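Keep the structure open while reading.

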Amino acid sequence: MKLKLILFLLLFNFLPLHAGWLSIEGRLARVEFTDGHDSLALHLLRLADEYLPELYLRHGLADDLAATRQVRIILNDLPDIANGFAVAGTVVIYARSSSYLAVFSEDKNWYELVLKHELAHNVTFRALERRLSLLGLVFSPDVPRWFYEGLAQYFAETWNTRRGDIYLREAALNGRLDYTSLDNLKDGALLYAGGNAFVRYLATTFGDSSLIRLLADRRNKWYYDFDEAFEREYKKPAETIFQDFVRSAVLHYGSFYSQFPQDGPATAMPDFGSQMYQLFPADPDSFFLALIRENEQDAFTTLVLLKKEKAGWKKIRVLAKNINTPVITNPDNNLLLYGRQAVRDSLSLPSLSTDWFVYSLAEKHEKPLLKKQRSRYAAFTSPDLVVFSEVSAGFSRLRQLHLPTGQSQILAQVAFSLGQLTAKDSLLIVEGQENSGQHRLFQYKNGALQALPVDLPQPARPMLINDSMFVFTASVDFHPQLYRHNLNTGQTALLFNDDRPFWMEYISGLVFGISTWDAGRHKKFYEIAPADSAAQEIRPLLYRPDAAYWKTYQPQVKQPEPKPYNISAPRKINPQFSMEHLLTLAYPAYDPELGWSGIFTTGWFEPLGRQYLTLLAMYSGDFDRRWFVSFDHQIAAGSFYLETSFYQGPVFFTNAAEHAAELNQRSFWFQARQRWNFTGRRNWRFIPSAGWWTQNYYGMERLAGSNYSGPRVEWLLETHQPTTLEPAVFTEYLAWKSSVFAAVNREKPVLITDQNLSFGHRLFGLPEFGFRNTFSLISQFGQGPALPTTGIDRYYQFDLPRDGSFSRAIRGYAENISSRQVIHNSFELNYVFSVNPGWKLFSLDLKNVAVNGFAEGARVKSGGFRNIFSSGIELSAADTFYRMAVGLARVNDGESPPYERYYLRLSLWLEALMMQSRPIGSGGDEPEKSQW
């Protein structure tokens with residue numbers, strides 16, 4: 001009966017969970033999309049069939065190869081930190097309401113640019129496939145990321161301001177451009193810009209044919225070795241040639257920007273916190289509002305009220321946290337408007353939207369305003385009227401909201417993207433990007449949006465001075481500069497010219513607030529008096545063609561002949577079942593004493609995480625004693641997950657017996673899990689799950705009470721302000737995790753409850769110093785004996801769940817205690833003294849090195865009561881969800897004299913693994929770090 005139940009649940013786990021998706025196919029690609037994106041999906045498919053032959057030729061491949069394996073394109077709206085990505089044979093394109101599209105895409109159609117870039121990745125993957133690629137992605141080429149991104153940008157894009165120039169220029173002129181910067185994932189903008197420019201430099205110096213030969217190096221090899229192939233083609237290592245490129249870039253930028261005035265008539269504003277994203281006056285009396293990252297380790301933004309004093313800023317109070325949009329103030333300066341990204345589930349994937357809030361400075365109170373808005377920008381047209389620019393996949397619109405009544409109306413709707421707004425009384429101006437890719441500024445007039453006669457490239461971020469003039473940024477010769485436009489005369493004049501790029505921030509009377517970056521690309525704020533800077537003139541700029549040619553050079557490949565193709569009718573699909581091959585490997589071996597043995601492993605995953613399957617099996621001799629199987633499968637639809645796990649093999653960590661190595665186990669776990677997110681002043685996450693759990697121990701001697709199965713219910717409710725120091729130090733953390741298990745197949749049923757309350761916080765306002773406390777209560781109910789897997793676990797070296805048992809470890813205490821009740825508490829004081837020392841353990845980066853003091857203990861009910869206490873100090877290193885430590889513990893178990901013990905310890909913070917990426921905000925004004 002048990003076997004039938006397992007087989008039924010396994011079969012049920014593979015059944016389609018959610019439809020609602022459609023697919024259309026062309027000659028070289030197919031597009032999967034959700035209902036409502038039909039026309040856009042058709043457009044992407046036509047673009048793919050048009051672009052792929054060209055990309056194949058640029059890679060030195062015949063485009064006929066593409067027809068043998070269609071490219072899968074997924075189109076959807078998602079919460080994202082990028083506008084698209086490619087993995088193996090799949091390309092993912094986020095719809096136009098992507099949160100980063102506010103930056104737009106220079107002078108190219110957004111879908112055309114992103115799709116062609118990701119398709120270039122796809123073709124590069126195919127060009128670098130070798131014989132071992134048949135075994136899965138693990139054997140894909142070992143190619144640096146800068147080369148992937150540089151090729152995609154060179155083959156699919158042109159050079160422009162936001163996609164390279166201003167980032168590369170800053171690094172070159174400030175001495176930050178070297179070969180290591182190409183692998184700097186913390187600075188994605190520089191990685192992309194450097195890779196783009198370096199690949200262009202290779203093409204212009206050695207020809208496009210050199211790139212084709214580099215990609216084709218030794219096609220019959222087992223795998224592709226990038227470093228060897230590069231040296232064979234260019235006769236030097238990449239790092240050496242990159243030094244030549246750096247010299248040419250410094251010559252170009254030094255010559256180009258030396259012609260601009262430096263440090264124009266501007267007054268620097270003082271810094272506050274680790275990073276200021278937005279700054280604007282709160283009233284005329286030296287009070288300012290700032291959206292900041294208060295500490296370098298914070299992964300969230302904070303809105304604070306500051307007072308400007310001679311010595312700098314004085315923080316008056318914190319108003320709000322976790323803001324993901326620019327902060328907008330009304331004309332009376334008494335209301336603040338801002339939004340927080342909210343993740344909600346739509347169809348089979350999470351959906352991104354914004355929840356808007358209004359803050360009253362007089363009442364010092366925040367209240368919700370709008371839910372599920374596809375908008376990041378807004379502007380007040382009066383103290384009570386606000387207009388939002390909403391961006392959807394196929395259209396954008398202006399929505400006006402009356403704050404006192406909550407009534408809204410649609411002012412205008414257009415078929416292209418809208419961005420930042422500026423308003424003064426009834427005058428409203430908004431930036432936009434037409435479907436052709438052209439950037440324009442529009443005025444809302446007579447119930448429609450009318451293009452303004454601004455004849456400058458990439459006009460953006462308008463800000464009204466009065467009812468007839470506004471200021472904006474335009475990129476002339478790849479250089480952002482400030483301009484002023486007169487609505488009455490239609491004339492545009494240069495407002496402020498400097499060798500650094502500047503953007504408008506605020507206007508206060510006759511003073512303009514502007515911003516730029518320092519050498520480390522931190523935002524710096526300045527104030528200017530327009531009357532002192534309006535007389536500047538644009539002088540002709542002298543280029544150095546010998547150093548700048550890599551900017552304008554384009555791939556020199558003959559265009560392929562167009563081929564006819566047919567597009568299929570849309571059909572319904574279940575996209576979870578199109579998975580990419582991660583790895584499949586089988587390895588047999590023979591030993592004269594043990595006989596035949598072998599290992600088999602396979603792994604498959606769906607690129608958007610909607611399904612994965614892994615299987616690992618090892619065999620050596622006797623089935624019961626030498627057979628190891630691990631199977632894990634998960635399928636998801638939106639926030640709903642079904643997971644099946646099966647394990648048979650040795651017991652590695654358990655408190656079931658003193659000689660754990662002699663034990664084996666079989667375990668089966670089937671669960672259904674749901675996730676809910678709640679957005680407000682805090683982001684809460686609630687994850688309940690229910691399933692069936694089976695555990696069976698066997699070995700040289702059968703353990704009494706070691707076999708049990710039954711239903712298990714768990715849930716996690718947690719909230720925290722994220723920080724890069726987790727899990728060493730938490731900013732603000734609170735979680736309640738609970739589990740209830742009933743062993744129903746026993747003669748005497750047993751019920752076990754496991755309750756955990758965890759909380760942590762910074763101390764004394766220091767971001768690197770804090771505490772964490774976890775309180776646990778484990779109780780067993782029923783007439784049966786205490787289960788051998790409930791109680792105190794002797795494996796204090798491992799702070800992670802194992803075998804599904806209900807046990808806790810105490811540092812330094814190496815004994816097992818079976819118990820019907822455990823009251824456990826662990827308290828830590830942690831101080832991080834080095835964030836990134838550069839240490840490695842094998843391939844793991846050891847970061848957030850901390851010294852920790854701890855005190856933990858348990859009251860155990862086993863016959864009578866036993867009290868066990870441990871305290872000590874340890875040195876630890878952590879990254880994201882794990883922590884490794886070496887320490888000294890002093891233990892007092894109440895039965896023997898206190899003793900001390902040195903130890904090594906590994907901890908896993910599983911809550912971090914369960915939490916999906918949570919988009920964090922920059923207030924909309926950080927230099928763009930989103931990349932394709």
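Predicted model: local features only at pLDDT ≥ 70, side-chain atom pairs only at ≥ 80, totals over all residues.

Is Arg58 buried or exposed? Arg58 has a relative accessible area of 10%, and buried means under 20%, so Arg58 counts as buried. Glu54 also has a relative accessible area of 10% and is buried.

## Salt bridges between separate elements

Lys551 pairs with Asp165 in a salt bridge whose closest N and O atoms are 2.4 Å apart. Lys551 sits in helix α11 (residues 545–552) and Asp165 in helix α5 (residues 161–173), so this pair ties together parts that are 386 residues apart in sequence. Lys551 and Asp165 are both buried.

Another salt bridge joins Glu505 to Arg461, with 3.5 Å between the closest N and O atoms. Here the two partners come from strands: Glu505 from β27 (residues 503–508) and Arg461 from β23 (residues 460–464), so the pair ties together parts that are 44 residues apart in sequence. Glu505 and Arg461 are buried.

## A network and the total

Salt bridges can also share partners. Arg30, Glu32, Arg72, Glu606 and Arg610 are joined into one network in this way. How many salt bridges are found in the whole structure? The search finds 39.

## Two packed helices

Helix α4 (residues 145–156) packs with helix α6 (residues 188–206), and the two axes are 7 Å apart. The angle between these helices is about 70°. Angles of 65 to 115 degrees count as roughly perpendicular, and α4 and α6 are therefore roughly perpendicular to each other. Their crossing is right-handed.

Which residues make the nonpolar surface patch? They are Tyr831, Phe833, Val851, Ile873, Leu875, Val886 and Leu904, and the patch has an area of about 620 Å². Strands β47 (821–834) and β50 (864–879) each supply at least two residues of this patch.

Leu875 is one of the patch residues and is found in strand β50. The relative accessible area of Leu875 is 37%. Buried means under 20% and exposed means over 50%, so Leu875, lying in between, is partly exposed.

Note on methods. Residues numbered from 1 in each chain as written. Heavy atoms only, no water. Patch = residues over 30% accessible without salt bridge, like charges linked within 9 Å, V, L, I, M, F, W, Y side chains within 5 Å. Areas by Shrake-Rupley, 256 points an atom, 1.4 Å probe, with all protein chains shown as cover. Salt bridge = Lys/Arg side-chain N within 4 Å of Asp/Glu carboxyl O. Helix = DSSP H or I, 4+ residues; strand = E, 2+ residues; numbered from the N terminus. Buried < 20%, exposed > 50% of the residue type's maximum accessible area, 1.4 Å probe, protein only. Axes fitted to C-alpha atoms, helices over the stretch in contact; angles between N-to-C directions. Parallel < 35°, antiparallel > 145°, perpendicular 65-115°, else oblique. Left-handed = near helix turned anticlockwise from the far one by under 90°.
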